Amino acid sequence: MLPAASQIMFRRRIIIVVLLTTLCAGAATWLDWKRPTYYAQAEYRLRDVIARSGRTTPINPDLVFLAIDSDSVTLDEDLDVNGLFPSSANDPECRRALEIMSKGWPWDREIYAMILERLVRAGAKVVAYDCLFPAPAPGDEAFRAALDQFKSQVVIGSNFVSPADVDRSRRIPSSYDPPVETIIPKAATPDDRVGFTNFFTDEDKIVRGAQFRVIFQERENSTATYLSLSARTVSKAGHPELVPNDLAGRLIRFTGPPRSGFRPHPVFEIFVPEYWEHNYRSGEFLRNKIVVVGAEGKWQKDELATPFGPMPGAEVHLNALNALRHGEFLKELPPLADAVVTTLAALLGAALCLSIRSPWLRLLALVAADSAGPLCALWFYDHQSLYLPCLAPLLALNSNVLFCLVSDFTFERIERAKLRSTLEKRDDLTNMIVHDLRSPLTAVTGYMGVLAETVKLNPTEAECVAEAQRGANDLRDMITTLLDVGRLEAGEMPLRLQAQDVAEIARKAATRFSPVLQNRTLRCDVPPDPVLMVCDADVIRRVLENLISNAVKFTKSDGMIIVSLQRNAADVTISVGDDGQGIPPDQHELIFEKFGQTESGAEHRHSTGLGLTFCRLAVEAHEGKIGVQSELEKGSTFWFTLPIRDQAGLNKVASLETIA
């Protein structure tokens with residue numbers, strides 16, 4: 001079980017993660033519901049990336065794009081029909097059509113009647129005009145007569161415009177302003193030849209769907225229903241069942257980049273016998289086809305923005321027709337389902353925060369989740385024809401993880417500050433107690449010495465007094481070590497740096513342990529010649545005694561302890577090795593920390609966990625290094641190095657101590 005403090009921290013962390021999850025999911029859901037302009041544009045840009053990366057609708061071969069293109073509208077008024085198109089000169093209908101086109105834009109509307117008649121006689125199933133006729137113009141009578149003659153095979157666009165203040169991103173506009181005049185007189189009942197030409201765009205003016213059914217209230221309170229050009233055309237072609245009643249504002253699956261799915265065919269070619277025969281096989285190419293007549297786009301910038309780039313309006317209608325013929329529509333989740341997906345993403349962020357403690361691993365997992373999100377959305381787009389919300393779940397996921405990281409770092413810093421304050425108070429209390437213990441301990445050891453020297457004791461009493469003196473001395477050493485560790489940590493322990501023979505210091509330290517070796521062997525591999533260097537002899541002696549004392553504790557009863565010294569070019573290395581049970585690798589750094597002990601070291605009741613800490617601080621105060629090499633069941637070797645100072649370095653140290 002976790003300690004009580006850890007349980008409190010864990011519960012507090014869970015509460016914080018739950019609150020942040022709720023906040024992030026709620027904020028992302030609110031953004032997705034309100035849909036400010038910048039948010040909607042970012043959301044649809046992500047959707048467009050998915051649309052371009054996902055699958056497209058296969059092209060229906062029964063759809064033909066007859067384009068009013070730049071070649072058709074720029075025919076010269078002085079066109080030499082006899083010279084350029086001699087075959088057309090012999091055909092009155094073709095000659096008349098080319099003469100109308102060569103008189104400049106806008107054309108006499110008689111040309112639309114001639115186009116309709118030629119296409120219907122060639123066997124076209126339906127001819128749809130993606131052309132707007134908002135005001136009277138020459139040729140209207142001829143065009144209206146053709147529309148009445150071929151009523152069952154023609155659909156004509158009518159320009160209905162939605163109000164400017166309509167929220168176009170989430171719902172279909174409820175009313176439209178009909179044009180004042182149109183090529184077809186306004187009727188009290190819906191005219192099945194009239195289709196709605198405008199498309200449904202979002203805040204960023206990109207067409208992603210088409211309005212297939214529009215209902216608006218007229219002044220007489222009668223309801224008129226206008227189907228879009230695409231839906232009306234499909235109905236005329238004999239497939240009204242492909243237009244469901246609830247199909248309004250649905251997203252369509254495009255065929256791909258502009259002019260790749262439906263190649264424009266110049267409209268003037270149908271009146272040139274050579275082209276008519278070669279490109280259209282004398283009209284056979286158009287038999288049973290749905291032909292959309294409209295601007296190609298480049299010559300008059302009659303283009304609409306789509307996920308795949310600028311596309312002629314007529315081609316967008318062809319994409320809508322293609323979607324209707326194949327049933328390729330894209331669904332959007334309702335707002336409640338969007339909120340559920342966003343909440344699940346926030347919960348995923350909470351799971352990352354609670355299951356992964358490392359901030360770097362958590363960020364790596366977040367990157368993986370962010371990468372998997374678009375792939376998941378792409379899979380649903382391709383296989384379920386479903387647009388998952390993109391921006392709101394990503395916002396909920398990322399904000400939750402990042403806020404949790406900030407929270408973790410903040411509370412970690414607070415806890416560290418609390419811990420640091422607690423440790424400082426503990427150290428202050430320890431130092432105060434230790435200082436107060438020295439005076440009574442000195443009195444105890446003094447009176448013990450007087451008792452041993454002045455009173456005649458029997459052997460048993462003398463042994464008891466000796467044991468009491470040894471215990472008091474051990475306690476004094478512990479107190480001294482604790483005080484020295486505190487002073488070394490604070491940098492307040494003065495070092496008496498002088499030229500010393502460290503070989504002699506090592507020999508004396510080793511000799512001190514001769515009475516307690518019992519069956520153990522202590523070998524001192526120290527050069528016979530003096531090894532002079534600048535150090536505090538008393539401090540270095542205590543370091544060696546600590547290391548040898550540890551070796552005696554952990555060496556086998558018949559084992560060997562080796563004290564060695566080696567002079568190098570820049571330093572002196574002193575080591576103490578034993579053949580004890582060894583130290584696990586993961587505890588090599590722990591044993592040098594304050595109160596740090598191995599499991600076996602903690603079993604020794606006289607170990608405080610300060611000896612090696614004192615050694616490390618003392619060696620580092622001499623600008624040296626200390627370490628250990630150990631293998632389990634093969635023993636340990638503790639070593640430390642002391643830099644060799646020259647006389648100039650010694651003088652510098654002495655001057656610094658004087659200033660202090």
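The model is predicted: local features need pLDDT of at least 70 and side-chain atom pairs pLDDT 80 or more, while totals for chains, interfaces and linings use all residues. Residues are numbered from 1 along each chain as its sequence is written, and side-chain values use heavy atoms, without hydrogens and water.

**Exercise 1.** State the volume of the largest cavity and sort its lining.

*Step 1.* The volume is about 50 Å³, taken as the space filled by probe spheres set on grid points joined across faces, edges and corners.

*Step 2.* Lining residues have an atom within 4 Å of a point; among them are Arg208, Phe254, Phe308, Tyr381 and Tyr387.

*Step 3.* The lining divides into 9 nonpolar, no polar and 1 charged. Tyr and Phe count as nonpolar, Arg as charged.

**Exercise 2.** Which strands stand at the edges of the open sheet of 5 strands, and what packs on the sheet?

*Step 1.* The order is β17-β19-β20-β22-β21, with mixed pairing. Strands are DSSP E runs of at least two residues, helices H or I runs of at least four, numbered from the N terminus; two strands pair if DSSP finds at least two bridges between them.

*Step 2.* β17 (521-525) and β21 (625-631) are the edges: each has a single partner strand, so one side of each lacks a neighbour in the sheet.

*Step 3.* β19 (560-567) and β20 (571-578) pair antiparallel over 6 bridges, with Leu565 opposite Ile574 in β20.

*Step 4.* Helix α16 (502-511) packs on the sheet, touching β17, β19 and β20 (contact: heavy atoms within 4.5 Å). The direction of α16 makes about 175 degrees with that of β17; axes are lines fitted to C-alpha atoms, for helices over the stretch in contact, and angles run from 0 to 180 degrees between N-to-C directions.

Conventions:
1 Å grid on protein atoms, 1.4 Å probe; cavity = no way out; pocket = protein on both sides within 12 Å on 5 of 7 lines; lining within 4 Å.
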